[in-house]
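Let's take a walk through one protein model, piece by piece. Have the sequence and the 3D view ready, and follow along.

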Amino acid sequence: MYIIIYDFGTSSVKTCLFDISKTIRLISGHSANYSLYTSDDGGVEQDADEWWNAICSTTKKVFQLCDVKPEEISGIAFCTQIQGSVFVDKQGNALRRPMNYLDQRGVNEYKKCMCSGLIKVSGCNLFKLMRNLAVNYAASTSAKDPVWKYKWVENNEPEIFNKTYKWLDINEYLAARCTGNIFRTADSAFATFLYDTRKGREGWNKGLLKMYGINPRHLPKIINCTDLAGELTEKAASELGLVAGTPVYAGGGDTTFVSIGAGATRVGDTHIYVGTSGWVSTFLNHQVVDINAMITGVLSACRGYYNYYAELETAGKCIDWIKDNLILDELGDYIKSSENTSDFEYMFKNIYSYISDAISKVPPGANGVIFTPWLHGNRCPFEDASAAGIFFNIKIDTTNKDMLRAIFEGICYHLRWLLECEDKKVKTSDSIRFVGGGALSPVFCQMLSDITGRRIETINNPQEAGAIGAALVVAAGIRGCDVRKLAKKLVKPVHTYVPDLKNQKIYERNYRVFKQLYKTNSKNFKKINT
């Protein structure tokens with residue numbers, strides 16, 4: 001069967017055409033970029049029409065690259081970044097630019113609601129915190145959480161708020177534009193922390209809606225990620241180059257599907273993802289929360305299962321920053337020579353390859369340079385919107401290659417920190433699946449193994465792990481089988497990396513310093529960046 005998955009990242013969409021039979025095979029794929037609009041008040045927005053134009057162009061290109069016909073497609077779905085906010089009217093039209101998960105304008109709304117009261121835990125009102133934890137083992141403890149985006153629009157854009165019919169995330173907006181049906185998936189509803197996960201009570205929790213001041217009329221019906229959401233309308237089909245009536249499945253967030261696409265679907269399996277953002281996630285059959293480290297068990301696409309999920313806001317984004325601001329002269333020449341290349345993925349892979357080759361010439365420890373990957377604040381294991389990147393211990397003989405390697409090592413140090421935080425509450429696996437664009441670099445993979453001390457496994461097309469997971473969910477829905485077993489059967493490791501013990505001493509020293517850098521500089525961050 002042929003399935004199309006739209007894999008939405010922070011800055012680009014990859015449209016993937018899969019063939020799923022006895023294997024899962026990526027037949028063709030094509031990428032397109034869209035913009036990220038930032039403002040000095042912490043705003044981070046995107047343009048809904050740019051999203052739609054990107055999937056229309058890439059869908060048509062995908063068919064040009066293969067022999068499959070639009071009428072042969074069995075289903076489509078979206079795998080998107082999560083914790084965004086899209087305010088729509090009754091026709092599903094976006095009333096303002098969608099707010100990205102990185103948007104943190106709701107800091108005043110967050111402080112007013114969650115930071116009041118005499119008794120607090122981790123800076124949050126104890127009563128409100130415990131009320132949330134009792135309902136879903138989670139809470140809105142970050143100004144970046146969707147509820148504070150909602151409250152910010154209510155307080156600052158009343159004309160938009162009063163026109164709002166429903167409040168959606170990115171996946172649901174795109175699915176509604178395809179089908180005309182408006183809904184929320186369970187994983188997206190959970191990501192608002194207004195969802196009740198208790199058995200037999202699943203759905204929007206009326207008490208939490210009242211506590212946060214959310215209008216229940218703005219909340220759509222909830223369906224599962226595996227459900228059929230509707231069929232492609234004539235208008236959407238014409239614009240996409242598909243056939244009207246093509247089944248559209250509910251889809252969901254990237255964190256929901258990546259564990260499935262990584263083949264990490266046994267209880268206790270851990271995977272690490274490095275794309276624009278990064279995370280450590282362990283697959284569980286029960287919920288766990290660590291409020292101090294900002295880690296919780298988010299809903300999986302597999303009903304009754306959870307991903308214990310710890311996030312680094314800017315992982316691969318730091319590598320984008322390299323490309324734009326700290327680039328080697330020869331790499332800059334390479335990019336300029338590739339500017340007319342329409343295949344974004346080809347250029348991306350070669351940039352990773354080029355940088356990997358450069359940093360492989362620098363010894364482990366980056367000659368003493370340490371980098372902190374907090375380019376847009378941080379969430380886990382500490383929440384601080386003021387935190388920022390640091391190059392520590394630069395000397396007169398420090399080279400830009402030292403700094404390049406320090407960036408990669410800094411990402412790995414932070415991922416190890418997240419892994420150790422997870423180990424305090426659950427048992428993470430000894431072998432870890434590594435997926436996302438970062439897994440394209442063998443140097444990065446070996447570095448991650450050396451710094452974490454774990455066996456690292458990669459898969460085919462690791463940068464498509466979310467899309468692979470979404471495709472497997474759709475296929476399991478069509479076949480009526482268990483997606484966990486299907487993922488284990490079809491997603492196998494192709495490369496394995498084991499720790500090189502001779503690098504352990506230098507990495508241990510630098511890791512200890514890395515963890516101290518936030519504690520030493522947190523007050524200075526606030527003085528400069530608040």
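## Before we start

Two strands count as paired if DSSP finds at least two bridges between them. The elements themselves are DSSP runs numbered from the N terminus: helices are H or I runs of at least four residues, and strands are E runs of at least two.

Keep in mind that this is a predicted model, where local features need pLDDT of at least 70, side-chain atom pairs count only at pLDDT 80 or more, and totals for chains, interfaces and linings use all residues. Residues are numbered from 1 along each chain as its sequence is written, and side-chain values use heavy atoms, with hydrogens and water left out.

## A sheet and its hairpins

Eight strands make up an open sheet with mixed pairing, in the order β20-β21-β22-β19-β18-β25-β26-β27. At the edges sit β20 and β27 (495-497), each pairing on one side only.

Now zoom in on β21 (residues 295-299). With β22 (residues 306-312), β21 pairs in the antiparallel sense over four bridges, and V298 stands opposite N307 in β22. The two form a hairpin with six residues between them, and G304 in that turn has a positive phi of about 90°. β21 also pairs with β20 (residues 289-290), again antiparallel, over two bridges; here V289 stands opposite T296 in β21. That hairpin has four residues between its strands, and M294 in the turn has a positive phi of about 60°. Is β21 mostly covered or uncovered? Five of its five residues are buried, so to speak tucked away, where buried means under 20% relative accessible area (1.4 Å probe, protein chains only).

## A covered helix

Next stop: helix α4 (residues 146-156), which is mostly covered, with eight of its 11 residues buried. Among them are P146, W148, Y150 and W152. What covers these buried residues? The list includes β7 (86-88), α2 (107-114), α5 (158-163), β10 (166-168) and α8 (206-212).

## Two helices that cross

Two packed helices are described by the angle between their axes and the distance between the axes. Helix α1 (residues 48-64) and helix α6 (residues 170-179) pack at about 60°, with axes 12 Å apart. Axes here are lines fitted to C-alpha atoms over the stretch in contact, and angles run from 0 to 180 degrees between N-to-C directions.

Who meets whom? A48, D49, W51 and W52 in α1 meet I170, Y173, L174, R177 and C178 in α6, contact being heavy atoms within 4.5 Å.

Terms used:
Buried < 20%, exposed > 50% of the residue type's maximum accessible area, 1.4 Å probe, protein only.
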